[in-house]
Amino acid sequence: MLNFFPSFSKPPEFRSLPLKPYLVDFSLDRLFFGVDNVHFDVHISPQLYNALENTASLIVIKHSRSEAYYKGYKRETCESEKSNLKHLCRDILRDGINRAKIEGEHQIDFLAQAALSKMFLEEVKNQYRNLVTFFEQQVSLHQLSLRHADYEEFKAREKLSEIKWNQNRIIRLAGEELFSLLTDIQTRSLRALRETHFHAGQILPDIFFNNPVLHTNNPADDFFLIEEYILLGKRSRDPDSYDNVRTLIYDLLASTDRDRQDRTGTGMDKSSSGSNIYDPWIMEVGNIDLMLNYFDSRELCERAKRSGSSDDRILELRKQIKNQQSFFILFYRAFAKAGLLKQIVSAVEVKSVCSIYCPPMKPRQIREFLANIWSRLSMTRQLKRRRSLQGGAFPLEPLKQAVQRIRKTSASEKRLHVLNFLKTFSRYHRDLHNALILKEAMEAINLVTEEKILRLSRENRSLFEFLLPAERVKEENPVIDHVVIKADIRGSINISHSMRSRGLNPASHFSLNFFNPISEILSNYEAVKVFIEGDAIILSIFENEDMPQSWYCVARACGLAIRILQIVQRYNVKNEENNLPILELGIGICFSPEPPSYLFDGDSRIMISPAINMADRLSSCSKKLRNLIADQHPSYHLYVFKNNREDDENATDDFSLRYNVNGIELSEEGFTKLSREINLTPVTFQTRPGEDVQLYTGKVPTLSGAYQQLAVREAPVYEVNPETLSITGETSRKYYEVCTNQEIYDYLDGPGDPYLMGH
């Protein structure tokens with residue numbers, strides 16, 4: 001039967017393939033219950049409720065094809081309302097992320113997402129009920145009309161009947177359109193923000209809310225399966241029932257999981273959650289291709305041959321094809337033995353004829369006609385009787401043509417059908433799993449709108465509120481901490497003297513190349529000028545109480561420092577072309593966990609902060625070190641050494657020796673604060689063989705909505721003799737350089753601009 005397959009030995013162990021498990025750790029178990037001690041009390045922006053009501057109403061009208069009955073309906077209005085709702089949802093979910101950041105609990109973000117999902121699903125059903133009520137009222141009005149309105153009443157009754165018949169479809173399509181908006185927000189606008197704060201396992205996958213199962217009360221419904229997945233059997237004896245197919249796949253994976261069998265004797269163990277141990281592998285749709293899709297691998301191999309790829313690459317692809325064919329034979333033979341092949345091919349053909357016969361027939365009846373000769377004879381007689389009674393409403397020819405197509409299905413087409421069936425089944429299995437998780441979470445949420453319950457839950461500190469910025473109480477929030485950035489121009493006196501001797505204006509040179517460009521970008525980082533002199537600028541970023549959306553002072557200071565260096569470097573290129581002096585900088589960043597103090601000189605307010613003095617030290621550069629290290633072509637822009645004559649126990653200041661040439665030094669306190677602000681991932685980078693460098697990388701959110709890649713190098717402080725500058729030992733101290741080396745960013749993200757990532 002399977003002579004189109006070559007002979008293979010037993011398939012390799014499936015876990016030896018480069019498969020990826022599908023894992024979603026969604027839980028609300030660390031959050032506190034509301035006033036009823038059963039549900040989570042959630043209050044969501046009233047403005048969002050209003051926008052959702054308007055949008056859902058218009059979308060339900062559209063999918064019920066009732067636009068003509070609503071005089072004020074316009075497609076442009078619908079799109080405008082969707083756009084408004086999208087912006088409000090983005091701000092609400094962003095508030096949830098900020099709440100989660102404040103509490104250090106990512107489950108608050110999960111709660112916000114689940115609460116919005118519940119709102120969306122409930123509002124679609126509310127608007128469907130409103131639609132039915134509207135047409136029922138139309139029928140009543142026409143009945144009471146003194147004029148003859150039989151035709152209008154008939155039209156309204158017919159439309160009402162159509163709406164009720166298509167209830168599931170209307171609710172599903174309207175829900176999917178609303179959720180596509182929610183999915184778009186999650187993936188485009190908020191994913192980078194979540195990556196800034198949370199680890200990968202604390203972020204829901206992009207497809208989590210893009211789930212058709214959420215929008216139906218019956219995921220086994222024939223019409224639903226045909227439109228979204230593929231028709232499956234319902235009866236326990238059907239070989240293509242969901243449970244039978246799932247069990248068969250479990251057994252097949254267990255048969256190729258030799259290590260698991262050696263330890264347990266079976267591959268059918270249950271995990272602690274009650275699901276099968278193979279579910280994570282089945283639910284990752286891409287695994288089906290990796291394990292079975294030798295069709296695409298063959299094409300890839302042929303292209304590799306034509307393009308002159310290496311022998312190793314060709315050999316690798318041939319090995320991949322052999323493994324995939326071996327696995328596919330295992331699955332194909334098992335499916336054929338279980339009687340699944342006819343069911344799968346017939347299910348594909350059902351889609352082509354279903355609209356002709358359903359209703360009144362059911363899609364499964366059509367599938368039985370196509371797959372089973374005995375069912376075909378019985379149903380042919382039934383259809384002929386219907387045709388004689390209803391005047392040819394049920395032609396047999398389309399069914400006969402479908403049967404012929406099934407008979408003529410080639411071996412290669414059957415194999416493709418099996419592969420596509422498995423991918424569709426994988427997606428369906430995953431979506432059922434995700435829907436169960438989310439529906440359980442939504443059932444545990446109480447969307448509070450009643451003022452009495454709101455007040456009671458607030459007083460008991462058991463209310464989770466996700467609001468728009470304008471809905472929160474506005475007040476003057478005091479500064480709780482701040483960061484200082486000191487940027488120092490090196491050799492400014494020599495530059496000024498050189499330019500004056502040539503009849504050039506050093507003041508305009510510094511303004512055009514340094515001060516003015518920097519001023520233009522300060523607002524994007526919430527930075528303000530503290531002090532400016534001819535060759536230096538001191539900037540600060542403040543954090544205010546109860547304003548978590550702005551608690552990125554160190555991250556933004558690092559991003560701003562990178563941009564400052566980038567601006568100067570770009571101007572330096574132009575200056576060299578025009579034979580003008582180039583600028584060299586040293587930048588220091590220091591965090592203070594306290595608000596600054598102020599004194600006044602007349603009407604001028606002067607900021608006092610220990611962070612200013614420390615940032616000044618961090619931005620400095622030892623002349624002896626500069627001359628020594630510059631000749632060695634250093635890999636980095638910053639090196640810090642301890643003076644071995646410095647007494648750590650009695651020192652009240654930092655007397656370290658620094659090489660800081662176009663470098664950025666971040667204080668140790670600043671690095672600690674940075675690690676609380678954004679999610680920093682440790683990465684080992686090799687400058688040269690045998691020289692590993694410890695990096696920390698993350699993303700900095702700016703006010704414009706863009707995200708800036710950030711890499712920080714951690715290195716030990718060595719002890720040196722201040723006279724000879726020879727290293728005498730290593731200390732336990734570390735120093736931190738905010739990296740600007742293109743090589744590092746290429747290593748982290750591939751070639752590109754390291755400074756500013758996309759929205």
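Are Asp240 and Arg367 buried or exposed? Select the pair and take a look: both Asp240 and Arg367 are buried. Buried here means under 20% relative accessible area, exposed means over 50%, and partly exposed is in between, using a 1.4 Å probe and protein chains only.

Before you click further, some housekeeping. This is a predicted model, in which local features need pLDDT of at least 70 and side-chain atom pairs count only at pLDDT 80 or more, while totals for chains, interfaces and linings use all residues. Residues are numbered from 1 along each chain as its sequence is written, and side-chain values use heavy atoms, with hydrogens and water left out.

**Stop 1: salt bridges**

Stay with Asp240 and Arg367. Their side chains meet in a salt bridge, at 2.5 Å from N to O. Asp240 sits in the loop between α6 (222-228) and α7 (242-255) and Arg367 in helix α14 (residues 363-371), so the pair ties together parts that are 127 residues apart in sequence. Helices (H or I, at least four residues) and strands (E, at least two) are DSSP runs, numbered from the N terminus. To count as a salt bridge, a side-chain nitrogen of Lys or Arg must be within 4 Å of a carboxyl oxygen of Asp or Glu. Why look for such pairs? Side chains of opposite charge can pair when their charged atoms come close. By this rule, the structure has 41 salt bridges.

Next, select Arg246 and Asp243. Here the side chains form a salt bridge at 2.9 Å, N to O. Both residues belong to helix α7, three residues apart, about one turn of the helix. Arg246 is partly exposed at 23% relative accessible area, and Asp243 is partly exposed too, at 44%.

Now jump to Glu176 and Arg172, another salt bridge, with the closest N and O atoms 3.9 Å apart. They are four residues apart in helix α5 (residues 167-197), so about one helical turn separates Glu176 and Arg172. Compare the two ends: Glu176 is partly exposed, with a relative accessible area of 22%, whereas Arg172 is buried, at 4%.

**Stop 2: the cysteines**

How many disulfides does a search of the whole structure find? The search finds zero. A disulfide would be a pair of cysteine sulfur atoms within 2.5 Å. Click on Cys558 to see this for yourself: Cys558 is in no disulfide, and the nearest cysteine sulfur, that of Cys553, is 9.5 Å away. Cys558 counts as buried, at 0% relative accessibility. Cys301 is buried as well, with a relative accessible area of 3%.

**Stop 3: the cavities**

Time to go inside. There are three cavities of 30 Å³ or more. On a 1 Å grid over the protein atoms alone, a cavity is a set of points where a 1.4 Å probe fits but cannot get out, and lining residues have an atom within 4 Å of a point. Grid points are joined across faces, edges and corners, and a volume is the space filled by probe spheres set on the points.

The largest cavity holds about 80 Å³ of space. To find it, select its lining: Gln113, Gln186, Thr187, Arg191, Arg194, Ile203, Leu204, Pro205, Asp206 and Phe209. Which helix gives the largest share of this lining? That is α5, with four residues. By class, the lining divides into four nonpolar, three polar and three charged residues. Ala, Val, Leu, Ile, Met, Phe, Trp, Tyr, Cys and Pro count as nonpolar, Asp, Glu, Lys and Arg as charged, and the others, Gly among them, as polar.

Move on to the second largest cavity, with about 70 Å³ of space. Its lining includes Phe14, Leu19, Trp281, Asn287 and Phe331. At least two lining residues each come from α7, α9 (279-283) and α10, and α10 has the largest share, three. This lining has nine nonpolar residues, one polar and no charged ones.

Zoom in on Asn287, found in helix α10 (residues 286-292). Asn287 is buried, at 2% relative accessibility. Leaving aside neighbours within four places in sequence, Asn287 is in contact (heavy atoms within 4.5 Å) with Leu19, Lys20, Pro280 and Trp281.

**Last stop: Thr740**

Finally, select Thr740, in the loop between β16 (727-738) and α25 (742-749). Thr740 is buried, at 8% relative accessible area.

Key
On a 1 Å grid over the protein atoms alone, a cavity is a set of points where a 1.4 Å probe fits but cannot get out, and a pocket is an open set with protein on both sides within 12 Å along at least five of seven lines; lining residues have an atom within 4 Å of a point.
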